[in-house]
Amino acid sequence: MGHYKSNVRDLEFNLFEVFKVQETPGPGTVRPGDEDTARGVLAELHNLATGPLGESFVEGDRSAPRSTRRPTR
């Protein structure tokens, strides 16, 4: 398990309670009735970020970068 913690709950609150994107029709927004789809996408992105994608960054986040170049004189 990776060390990344997403805040899906905050994202959902901002999208659906504050900005009410589900009530705004038009391109580029969540259409009425698609709130479940948007929540599903957020949940799957959370699974990806905290799972395989997040795990790939653990070593780089916990160790200092090393240069592979030789110093020039």
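How many residues does α2 have, and how far does α2 reach from its first C-alpha to its last?

Modeller: First, the ground rules. This is a predicted model, in which local features need pLDDT of at least 70, side-chain atom pairs count only at pLDDT 80 or more, and totals for chains, interfaces and linings use all residues. Residues are numbered from 1 along each chain as its sequence is written, and side-chain values use heavy atoms, with hydrogens and water left out.

Now the helix. α2 has 16 residues and reaches 22 Å from its first C-alpha to its last. That is close to the 22 Å expected at 1.5 Å a residue; the expected span is 1.5 Å times one less than the number of residues. Helices here are DSSP runs (H or I, at least four residues), numbered from the N terminus.

Next, the buried side. Ala38, Leu42 and Thr50 are the buried residues of α2. Buried means under 20% relative accessible area, exposed over 50%, and partly exposed in between (1.4 Å probe, protein chains only). Seen down the axis of α2, these buried residues fall within an arc of 95°, so they line one face of the helix. The arc is taken from the directions from the helix axis to the C-beta atoms. Their cover includes α1 (8-18). On the other side of α2, Asp36 and Glu44 are exposed.

Then the charges. The structure holds two salt bridges, each a side-chain nitrogen of Lys or Arg within 4 Å of a carboxyl oxygen of Asp or Glu. Arg39 meets Glu12 in one (3.1 Å, N to O). Arg39 lies in helix α2 and Glu12 in helix α1, so this pair ties together parts that are 27 residues apart in sequence. Arg39 also meets Glu35 (2.7 Å, N to O). Those two are four residues apart in helix α2, about one helical turn. Glu12 is buried at 19% relative accessible area. Arg39 is partly exposed at 27%, and Glu35 is partly exposed at 23%.

Last, the nonpolar surface. Val41, Leu45, Leu48, Leu53 and Phe57 form a nonpolar patch, with about 460 Å² of accessible area together. Patch residues have over 30% relative accessible area and no salt bridge; nonpolar side chains (Val, Leu, Ile, Met, Phe, Trp, Tyr) are joined within 5 Å, like charges within 9 Å. Areas come from the Shrake-Rupley method with a 1.4 Å probe, and for residues only the protein chains shown count as cover. Helix α2 (residues 35-50) gives the most to this patch, with three residues. Leu45 is found in α2 and is partly exposed, at 49% relative accessible area.

Technical notes: Contact = heavy atoms within 4.5 Å.
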